[in-house]
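Hi there,

Here is the structure I promised to pass on.

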Amino acid sequence: MEYSLEEVMETVQMTLYHNFDIRTVTLGINLKDCINSDLDIFKENVYGRVSDYGRRLILEAQKLEDKYGIPIINKRISVTPVSLIIEACAEPDAPYQIAKALDKASKDVGIDFIGGFGALVQKGMTRADERLINSLPEVLSSTERVCAFLNVASTVSGMNMDAVIRLGKTLKEIADRTENGIGCAKFVVFANAPEDNPFMAGAFHGVGEPDFSLNIGISGPGVVRSVVEKNRDCGLTELSEVIKRTTFKITRAGELIGRELAHNLSVPFGIVDISLASTTKVGDSVAGIVEMMGIEKMGAPGSTAALALLIDAVKKGGAMASGNVGGLSGTFIPVSEDSCMNEAVRVGALSIEKLEALTAVCSVGLDMIAIPGDTKAETISAIIADELAIGVVNNKTTGVRLIPVPGKRAGDYVNFGGLLGETYVMNMSAFSSHDFILRGGRMPCPVTSMRN
């Protein structure tokens, strides 16, 4: 398909002035055929597979950046959920050993992050799942690039509350082992986790995927904000149309690069994830878009409706542009990584309860939220259960990344550094969920035939 000069210039302007970029290219790699009961051979197989394809991914991505002039911010790899591939290993520390092999391979070739250290435990846990969960504090405090996930709930299975109970304690232990609790930023817990998500920390290469799959995550909060700014006085129907057309263009640009990169790597092209993903750059904020739509501060009444309109328009534009839209394709509203979200917390406009409401209509979940270090483990588990219940009942993906920051109280400031941003520690409810959470068991799946 040919592109007009006007389309080319429009893309150039998006890149130069509105922070348009390819947020991530993520190569999914099947590691099941690397399994060996001899752990040393197994580790060599894993290292060889990841470093070989990782090196090629870096090289080809850099060529495309030079060719099109569009930055590719992160080059990442996702692998088969590690709990599935360690079952043949008798060594108790097999999860940790495989994590170290993944970390070394990524570091040696320049991969930014590698995801897939996780398990699918929505109905229960195998012995391998339990070994992996037990290893999370050590793995996330001793590796640089390994990201972890657990899927503990789904609409068809309900919620594994025994796993949710364990996660409250696990997050506190990870936090205590790392500066400012930053290890928790590399872990996400899901309901209805997609198998082709290119974004970290929750990316993994699902069992329904081929041997390799190239997935791409585009991002353009700055681009969308600029068109909303130019249409300050139009009605919401017209505003939705404007956002839809803009998303169509950036999705087309993303798919073009993704397909060419997959071709050059001789692997299948997977999906385009059209999620709006904020960064710490000024103007690259999802909350900033909502505020430009007419909400004084993110979290004020009307924020939920505005965010729902925004992501609906984004999804419609993306679906028109590509038949391969997948992954999460929602809206990220990470508090520490979005300057306007952070400011809304600082001035008291945004609470964790309002964040939960926002995630009910469009967002991927509670993301990058700092909470007091002395928050009880069962309270953390209860917040996770609340958020995942939204995903289970509404048949959508939701996730949670909470960071209990050791030594910090509500209102304190914490800087995580770099792309992880900075934030103010959020206030927690003073009331207890102790007796409910510790009941354990499995929350039954919802009835799906009575939708009203």
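A word on terms before the details: a residue is called buried when its relative accessible area is under 20%, exposed when it is over 50%, and partly exposed in between, using a 1.4 Å probe and protein chains only. Please keep in mind that this is a predicted model, so local features need pLDDT of at least 70 and side-chain atom pairs count only at pLDDT 80 or more, while totals for chains, interfaces and linings use all residues. Residues are numbered from 1 along each chain as its sequence is written, and side-chain values use heavy atoms, with hydrogens and water left out.

Most residues other than glycine have a negative phi, and most peptide bonds are trans. N395 has a positive phi of about 55° without being a glycine. N395 sits in the loop between α13 (377-394) and β10, where helices (H or I, at least four residues) and strands (E, at least two) are DSSP runs numbered from the N terminus. N395 counts as exposed because its relative accessibility is 52%. N192 also has a positive phi of about 55° and is not a glycine, but N192 is buried, at 19% relative accessible area.

The loop between β6 and β7

The peptide bond leading from M200 to A201 is cis, with omega near 20°. H205 is in this loop too, and H205 counts as buried because its relative accessibility is 2%. A polar atom of the H205 side chain lies 2.6 Å from the backbone oxygen of P210. Leaving out residues up to four places away in sequence, H205 touches (heavy atoms within 4.5 Å) a set of residues including G28, S78, E195 and F212.

The largest pocket

How big is the volume of the largest pocket? The volume is about 770 Å³. A pocket here is an open set of points on a 1 Å grid over the protein atoms alone, where a 1.4 Å probe fits and protein lies on both sides within 12 Å along at least five of seven lines; lining residues have an atom within 4 Å of a point. Grid points are joined across faces, edges and corners, and the volume is the space filled by probe spheres set on them. Of the 43 lining residues, R76, M200, E337, R401 and L420 are closest to the centre of the pocket. The elements that give two or more residues to the lining are β1 (21-29), β2 (72-79), β6 (187-191), β9 (365-372) and β10 (398-405).

The nonpolar cores

A nonpolar core is a set of buried Ala, Val, Leu, Ile, Met, Phe, Trp, Tyr and Cys residues joined through side-chain atoms within 4.5 Å. The largest one has 131 residues, and L102, V152 and L355 touch the most other members. Apart from it lies another core of 14 residues, among them F149, F190, A193 and F332. L355 lies in helix α12 and is buried, with a relative accessible area of 1%.

V364 is in the loop between α12 (352-361) and β9 and is buried, at 10% relative accessible area. The C-alpha atoms of V364 and F190 are separated by 9.5 Å, although these residues are 174 apart along the chain.

Best wishes

Conventions: A polar contact is a pair of N or O atoms within 3.5 Å; within protein, one must be able to donate a hydrogen and the other to accept it, and residues adjacent in sequence count only if both atoms are side-chain atoms.
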